[in-house]
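The following exercises are to be worked through with the sequence and the model at hand. Each task is followed by its solution in steps.

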Amino acid sequence: MQLALAAQMRELDRQTIEEIGIPGMVLMENAGRGTVERMERSFGPVRGKTVCIFAGPGNNGGDGLVIARTVHGMGAFPFVFFLLDPEQLKGDAALNFAILKQLRLPYQVLDYSEKMLTLIDMVLTLNRIHPLHSLVDALFGIGLERAISGHFVDVINCINILGGQHRMPVVAVDLPSGLDSDTGAILGVSVKADLTVTYGLPKPGHVHHGGSMVGRLERIDIGIPTKVIARMHLQGELLDEETGARLVERDKDAHKGSNGHLLILAGSEGKTGAALLCGQGALRCGAGLVSFAVPADLNPIFEIALAESMSVPLPASKGSLSVDDYPLIASLTQGKDALVIGPGIGTDPATADLVLRLYSENPSPQVIDADALNILAAHPDVIRSPAGPRIFTPHPGEMARLLDCTVAEVQTDRLKAAQWLMAPSGTHPLITVLKGAGTVVAASDGRWAINTTGNPGMGTGGMGDVLAGIIAGLLVQGYLPWQAACLGVYLHGRAADLLAIEQPCGFLATEVAQALPRILGTIINKHHTELPC
C-alpha cells in the first residue's frame with residue numbers, strides 16, 4: 001500500500017476538489033461516515049450510547065462534526081467539545097457546524113484551561129446518563145507542525161486519562177492529535193488512540209516508531225480518484241500483507257544450485273555466533289548454498305556449528321579477518337551470487353582494509369552490516385563509490401555514526417536519516433535498512449518504505465544478524481536489491497510476530513530464523529505467485 005507525506009496528501013485533496021470537481025464537503029462526508037462504520041466495527045453499535053467528539057479548528061474538526069451528525073442519526077447521543085469558538089470555523093467545517101446547530105445537537109466550548117478542571121467529570125456524568133461508546137479525537141490532522149500548547153495540552157491529557165484510567169475507547173480522526181504526520185514525532189503531547197481511521201492513504205507518522213500512539217490503523221476510501229493518486233507518482237509504500245505477494249513460487253525442478261550461493265564474511269574471536277545466525281537466516285529463507293570465509297583458527301567452530309553450511313579457513317586471518325587474505329577471498333567470490341560483510345568482524349585495521357577493498361572493488365551485491373558499517377563510517381569518502389549494489393542494515397546507533405550525528409537526531413526523523421544516500425540514476429543501487437520499530441527502507445533512487453511487522457520481543461541480540469542473512473538469502477535467489485530488502489524486513493518481522501503469539505518476549509534470534517519456513521509456506525499458499533514481480 002502506498003504512503004503519502006502530509007504535503008502530498010494535501011495536494012491529492014486539492015486536485016480532487018479543484019481539478020476533478022468533487023466538492024470538499026463530499027470528501028468530508030465520506031470521511032465522517034466511514035469513520036463511524038469503523039467505530040461500530042471495532043466497538044459495537046452506537047445506538048443508545050454517548051459519543052464525545054473533541055473538535056479542533058480545521059477540517060479535522062469538520063470531520064468530527066460529520067461523525068456527530070451521523071451517530072445522532074443512528075440513535076446515539078453525541079456531545080461535541082469545541083476547543084475554539086465554533087463561529088470562527090471556515091469552509092466545509094463551518095457548513096457542518098451550521099447543520100449541527102439546526103439539529104440542536106449539544107456542544108460546549110473549552111476555550112481556556114480552567115474549564116479542563118471539570119472536563120473529566122462532565123464526560124463521566126454523560127457516561128452515567130448513557131453509557132459511553134467512544135471518545136473521538138478530531139482536534140488536529142496532518143497539518144500540525146508545531147508543538148501543542150495551552151488548553152489543547154490539557155484536553156489531550158484528559159482524553160488520555162479517560163482512555164487509560166477509565167478504559168474508554170479512543171478513536172483518532174486521520175491521525176492522533178499531537179503526532180507529526182511525516183516523522184511520527186510527538187509534538188509536545190499526543191492522543192493515545194485505540195483506533196485510528198485514516199483517509200485516502202496511510203501516512204508515515206502512523207507507522208514510525210511502531211505506531212504506539214495509533215492503536216489499530218484502518219484506512220477508508222473517501223473518494224480521491226485513483227487517477228489522481230497515480231499521477232502523483234508517490235514513492236513511499238507500506239510493507240504489509242501486500243508485500244508477501246512478491247514472493248515467487250519455486251519451479252518444480254529447482255535445486256540448490258539454482259537457489260543461489262551466498263558467501264558470508266563474518267565473525268571474529270568471541271563473536272562467531274553473529275556469523276552463524278546470519279547463515280541461519282539465509283538458509284531458512286531458502287538460499288541454496290551458504291559458505292563462510294573465516295579466520296583459520298576459528299574454522300573448527302564453523303565445521304560443526306551449522307551442518308548445512310560450508311566454510312573456508314583464511315590462513316592469514318588469526319582471530320579476525322585480514323586484508324592479507326584478500327586474493328583468496330576475491331577468488332571465493334567467484335560463482336557467488338551475493339556477499340554479507342560485517343556481523344561480528346570487529347574493527348581491527350587489517351579487517352577495515354579488507355572491508356574497504358571489497359566494498360570498492362568487488363562487483364557482487366553486498367549486504368553491509370554491523371562492524372562493516374562502523375568501518376565505512378570512519379571512511380565516508382568511500383561510501384558513494386561502491387563497485388556494485390549495496391544494502392546497508394544499520395541500527396540507529398550505526399546510522400548515527402554514518403551520519404556523524406546523535407541517535408536522537410536519527411530517531412527524530414527516521415525517514416530523512418534513511419534517505420542519506422540519494423544518488424543520480426545510473427549508479428549502483430544503494431539501499432538503507434534503518435532497523436527499529438517501524439523499520440525504514442530507502443533507496444538511492446528515491447523509493448522508500450516503512451515496515452508494519454515485528455514486535456518488542458525482537459529487542460535481543462542476534463536479530464540483526466538474522467535479518468542480514470535473510471536479505472542476502474533473497475538476493476542470491478534472484479530478487480532485486482529493493483525487493484530483497486523490503487521482503488526481507490517484512491518476513492523477519494512476521495516470523496517474530498508468529499512467535500510472539502505465544503511468547504511476547506524471551507524468544508531468540510535462532511527461533512526467528514527457524515520460524516521463517518512456516519511464514520514462507522503461509523504466504524506462498526495464500527498468494528500462489530508464479531511470475532517474478
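**Exercise 1.** State which residues Asn259 contacts beyond its neighbours within four places in sequence, and whether Asn259 is buried or exposed.

*Solution.* Step 1: with contact taken as heavy atoms within 4.5 Å, and leaving aside neighbours within four places in sequence, Asn259 touches Arg250, Ala254, Gly286, Ala287, Gly288, Val476 and Gln477. Step 2: Asn259 lies in the loop between strand S9 (236-239) and strand S10 (261-265); helices (H or I, at least four residues) and strands (E, at least two) are DSSP runs, numbered from the N terminus. Step 3: the relative accessible area of Asn259 is 10%, so this residue is buried (buried means under 20% relative accessible area, exposed over 50%, partly exposed in between, with a 1.4 Å probe and protein chains only).

The model is predicted: local features need pLDDT of at least 70 and side-chain atom pairs count only at pLDDT 80 or more, while totals for chains, interfaces and linings use all residues. Residues are numbered from 1 along each chain as its sequence is written, and side-chain values use heavy atoms, leaving out hydrogens and water.

**Exercise 2.** Describe helix H18 (residues 463-476) by its span and its burial.

*Solution.* Step 1: the 14 residues of H18 reach 20 Å from the first C-alpha to the last, close to the 20 Å expected at 1.5 Å a residue (the expected span is 1.5 Å times one less than the number of residues). Step 2: 13 of the 14 residues of H18 are buried, so the helix is largely enclosed by the rest of the structure. Step 3: just after H18, Gly478 has a positive phi of about 105°.

**Exercise 3.** Determine how helix H19 (residues 481-500) packs with helix H20 (residues 509-527).

*Solution.* Step 1: the axes of H19 and H20 are 8 Å apart and form an angle of about 100°; axes are lines fitted to C-alpha atoms, for helices over the stretch in contact, and angles run from 0 to 180 degrees between N-to-C directions. Step 2: H19 is therefore roughly perpendicular to H20 (65 to 115 degrees; under 35 counts as roughly parallel, over 145 as roughly antiparallel and the rest as oblique). Step 3: the contact includes Tyr490 and Leu491 of H19 and Val512 and Ile523 of H20.

**Exercise 4.** Give the strand order of the open sheet of seven strands.

*Solution.* Step 1: the order is S4-S3-S2-S5-S6-S7-S8, with parallel pairing (two strands pair if DSSP finds at least two bridges between them). Step 2: the edge strands, S4 (107-109) and S8 (216-220), each pair on one side only.
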